[in-house]
Amino acid sequence: AMHREFEDVMLEISEDAEIRAVVLTGAGRAFCAGGDLEDMKNPESRKGPRVMGSSRRLPYAMLEVKQPIICAANGHAVGIGATIALFCDIVIMVEGNASMYLGSPRMAEMVIGEVSTLEEMGGARMHCTVSGCGDLLATDDAEALDLARSYFTYLPSSWREEPPGLSSLERGLFGFPIPLDPVGSGRKPCL
């Protein structure tokens with residue numbers, strides 16, 4: 001049911017010219033913890049195939065959204081949660097709190113014998129400085145939301161309008177806007 005609601009909300013957002021952007025964030029310890037693995041592996045349950053099928057549709061629903069989608073990852077993004085984060089236009093991660101992964105360090109150790117920590121394998125700093133899955137690294141939830149708000153200054157008032165022009169200095173990789181001094185913090189983007 002939650003997957004269907006997410007798809008419906010994405011469709012509603014894409015049709016609303018008054019919405020300038022979407023900010024996705026989580027509540028509690030997780031950004032999005034993925035599916036209920038116990039329920040999916042239960043042979044008596046028919047939920048597994050339905051959940052997996054509806055999970056495949058979520059990224060397509062996000063691709064239909066005309067407005068920028070900003071991910072303020074303030075916790076774990078696991079499985080489909082990692083996919084949702086990766087389909088956002090910008091990913092802001094909270095250091096020491098946010099992570100993004102499909103498998104756990106325990107799984108890596110069992111499969112390939114590699115011992116690592118969650119931070120090394122999928123932590124915010126690693127994704128913002130090594131993998132490229134994260135765009136900006138925040139020190140806490142408040143700064144992550146401030147960084148997300150700073151991106152609104154680069155957006156038009158409606159998806160029907162052209163975005164404001166950027167100087168070449170303000171352009172990041174592939175032409176995406178990168179704030180030179182996010183919210184006056186004196187911090188530079190982690191790119």
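**A walk from sheet to core**

Buried residues make up 39% of the 191 residues in this protein. Buried means under 20% relative accessible area, exposed means over 50%, and partly exposed lies in between, with a 1.4 Å probe and protein chains only. The model is predicted: local features need pLDDT of at least 70, side-chain atom pairs count only at pLDDT 80 or more, and totals for chains, interfaces and linings use all residues. Residues are numbered from 1 along each chain as its sequence is written, and side-chain values use heavy atoms, with hydrogens and water left out.

How confident is the predictor? The score is pLDDT, the predictor's confidence in each residue, from 0 to 100. The protein averages a pLDDT of 75, and 69% of the residues score at least 70. Over residues 179-191 the pLDDT is below 50. Beyond near neighbours in sequence, that stretch still has 29 contacts in the model. A contact means heavy atoms within 4.5 Å.

Now the overall build. The protein has 8 helices and 7 strands. These are DSSP runs, numbered from the N terminus: helices are H or I with at least four residues, strands are E with at least two. Among contacts between residues at least 6 apart in sequence, 61% join residues at least 24 apart.

Start with the sheet. Four strands form an open sheet in the order β1-β3-β5-β7, with parallel pairing. Two strands pair if DSSP finds at least two bridges between them. β1 and β7 stand at the edges with a single partner strand each, so one side of each has no neighbour in the sheet. Neighbouring strands are turned by 20 degrees against each other on average, direction ignored. Those angles are between axes, which are lines fitted to C-alpha atoms.

Follow β5. β3 (69-73) pairs with β5 in the parallel sense over 4 bridges. Here Ala 73 has Met 93 as its bridge partner. β5 also runs parallel to β7 (residues 136-138), joined by 3 bridges. Met 93 is bridged to Leu 137 of β7, and Ile 92 to Leu 136.

Where do the side chains of β5 go? Ile 90, Ile 92 and Val 94 point one way, and Val 91 and Met 93 the other way. In a regular strand the side chains alternate between the two faces of the sheet. β5 is mostly covered, with 5 of its 5 residues buried.

Next, the core. A nonpolar core is a set of buried Ala, Val, Leu, Ile, Met, Phe, Trp, Tyr and Cys residues joined through side-chain atoms within 4.5 Å. The largest one has 26 residues, and Met 10, Leu 24, Met 62, Ile 69, Ile 84 and Met 93 touch the most other members. Elements that each supply at least two residues include α1 (2-14), β1 (22-25), α3 (47-63) and β5 (90-94). α4 gives the most, with 4 residues. Look at Met 62. Not counting residues up to four places away in sequence, Met 62 touches Phe 6, Met 10, Leu 24, Ile 69, Ile 84, Phe 87 and Cys 88. A second, separate core has 11 residues, including Leu 136, Ala 138, Ala 148 and Tyr 151.

Finish at α7 (124-131). Its buried residues are Ala 124, Met 126, His 127 and Cys 128. Their cover includes β5, β6 (99-101), α6 (118-122) and β7. After α7 comes Gly 132, with a positive phi near 85 degrees.

How values were computed: Axes fitted to C-alpha atoms, helices over the stretch in contact; angles between N-to-C directions.
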